[in-house]
Amino acid sequence: MKDKNIQPIRGMSDVLPGQTYLWEYLEDTVRAWLQSYGYLNIRTPILEKTDLFVRSIGETTDIVEKEMYTFTDRLNGESLTLRPEGTASCVRAVLQHNLLYSGPQRLYYTGPMFRHERPQQGRFRQFHQVGVEALGYPGPDIDAEHIIMCERLWNKLGLTGIKLRMNTLGSVDCRARYRERLKKYLTPFGNKLGDSVRNRVERNPLRVLDSKDPALQPIIDGAPRLLDDIDEASRKHFEELQATLRRAGIAFEINPRLVRGLDYYNLTVFEWMSDKLGAQNTVCAGGRYDSLVEQLGGKPAPACGYAMGIERLLALLQEGAAVAQPADVYLVHQGEAADKFALQVAEKLRDSGIRVIVHCGGGSFKSQMKRADSSGARFAVIIGDDEAQAQQASLKPLRESGEQIRTGITEIVDMLRKHHV
Ligand code: ATP
Ligand code: MG
């Protein structure tokens, strides 16, 4: 007996042609936007050695503790992981190829990321990110650039209601001091917190601040604030960033509880949140990670970056933000001479930048015209043996009124051009 259909993996989706045109619109817009700031594309493998993520994201983070797709390579016993985010791979590649030797780098990547989370609206196991990393820049000028460029993208995409929250985690030392203070504050709440939270307090107390559990909110609200005990250089960095954003007219809110879920951050952290997405409302998040390059074995180099969730951006795109782009011409042909001539005509039209679907599979003119209609093309170009003999074709508008006209191929190209095809 035949097996039941094989199902896709939970939390991983197909994107079909009814949706991909929106993805392509977003991807094209994003690429042009990144290029307008001088960022260059970097592509790294989807699989990396597990250790890369453990060492960078941090052993006690949600991602590393429970969200990674990790498996053993059958052939050599190595532990491998599907990338849960892009920064670690990007830094690894930069070090591998010594890119910082020629100066600081502005880079971006796009692609799928994998996290074993509970699938729900806005949260998937395979999702897609656009990530931006600037390596070798101490900031705060580059921190400001990152935030300003995000605002430009929201405007380009016509997205409204996306709000910026920022915080500073201070220097690495300052963060370590804060960790101890926070631990002292949280430990007495021990029994109220439950095992998993108690465990967090022990191993990574900053993560408690990141919790979305409403029961914890009063405890979190009363926690000491990192901002109140920050070194002078960090304060200055943060103030300069704020001043630049004010000059650029960018509204922000400072949220002293914002810590981000990955261990490598310091100084500036930020998130852009939408008021239209329900619970999974962070569309973009990032900050500085000045110790990561060294932590992964490089010469110390300051850095900052951010990543945005493509699915969440797509959910915000207004209806009609982009329209599907069917071919310009559907080429209908019947008869031995016509079939041969049609292929030449199609290539000639394409030489002029016209997008052509050539009918395949034979059939009557009538049935071919039906296909032409449902293809969405604006015009049919029709070739029978008569036309082929005369090296001509007929042009028929499908979406607007107008006569069918029989003429030479060059004339057809000109007429299509006149219609802005
Ligand atoms: P969240 O708080 O939503 O779990 P995060 O802090 O884990 O986010 P980051 O690692 O900073 O997220 O990833 C950056 C962006 O990638 C998020 O703001 C979000 O838009 C998107 N993202 C993260 N995880 C998922 C997921 N499982 N499904 C869809 N998008 C995601
Ligand atoms: Mg998460």
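Is Leu 267 buried or exposed? At 11% relative accessibility, Leu 267 counts as buried, because the cut-off for a buried residue is under 20% relative accessible area. The model described here is predicted.

**Backbone geometry**

Leu 267 belongs to strand β9, which spans residues 266-274. Its phi is positive, about 45°, although Leu 267 is not a glycine. Asn 98 is another residue other than glycine with a positive phi, in this case near 55°. Asn 98 sits in the loop between α4 and β5. A further point concerns the peptide bond from Gly 139 to Pro 140, which is cis, with omega near 5°. Pro 140 is located in the loop between β6 and α5. As background, most residues other than glycine have a negative phi, and most peptide bonds are trans.

**Domains**

The domain assignment of the protein chain lists domain 1 as 17-171 + 230-317 and domain 2 as 329-414. Between the C-alpha centres of domain 1 and domain 2 the distance is 48 Å.

**Helix α4**

Helix α4 runs over residues 87-96 and is mostly covered, with 7 of its 10 residues buried. The buried residues are Thr 87, Ala 88, Ser 89, Cys 90, Val 91, Ala 93 and Val 94. Their cover includes the strands β2 (47-49), β5 (105-114) and β6 (126-135), together with the helices α2 (50-57) and α11 (292-295). After α4 comes Asn 98, the residue with phi near 55°.

**Ligand 1**

Ligand 1 is surrounded by 17 residues, of which Arg 115, Glu 117, Arg 123, Phe 124 and Arg 260 are the closest. By class, this shell holds 7 nonpolar, 4 polar and 6 charged residues. At least two residues of the shell come from each of β6, β10 (282-288) and β11 (303-309). The most is given by β10, with 4 residues.

| Residue | Protein atom | Distance to an oxygen atom of ligand 1 |
|---|---|---|
| Gln 129 | polar side-chain atom | 3.0 Å |
| Arg 260 | polar side-chain atom | 2.3 Å |
| Gly 309 | backbone N or O atom | 3.3 Å |

On its own, ligand 1 has 590 Å² of accessible area, and the protein covers 91% of it.

**Two buried residues with polar contacts**

Glu 145 is placed in helix α5, residues 141-157. What makes Glu 145 count as buried? Its relative accessible area is 18%, so Glu 145 falls under the 20% cut-off. The side chains of Glu 145 and Tyr 39 are joined by a polar contact of 2.6 Å. Leaving aside residues up to four places away in sequence, Glu 145 touches Tyr 37, Tyr 39 and Arg 106.

Ser 211 occupies the loop between α8 (206-209) and α9 (217-221). With a relative accessible area of 13%, Ser 211 is buried, because this value is under 20%. A polar atom of the Ser 211 side chain lies 3.0 Å from the backbone nitrogen of Asp 213. Again not counting residues up to four places away in sequence, Ser 211 touches Arg 200, Leu 216, Gln 217 and Ile 220.

Terms used
Residues numbered from 1 in each chain as written. Chains lettered and ligands numbered in written order. Predicted model: local features only at pLDDT ≥ 70, side-chain atom pairs only at ≥ 80, totals over all residues. Heavy atoms only, no water. Domains from an automatic or database assignment. Buried < 20%, exposed > 50% of the residue type's maximum accessible area, 1.4 Å probe, protein only. Contact = heavy atoms within 4.5 Å. Near = heavy atom within 4 Å. Polar contact = N/O pair within 3.5 Å; in protein donor to acceptor, adjacent residues only side chain to side chain. Areas by Shrake-Rupley, 256 points an atom, 1.4 Å probe, with all protein chains shown as cover. Nonpolar A, V, L, I, M, F, W, Y, C, P; charged D, E, K, R; others polar.
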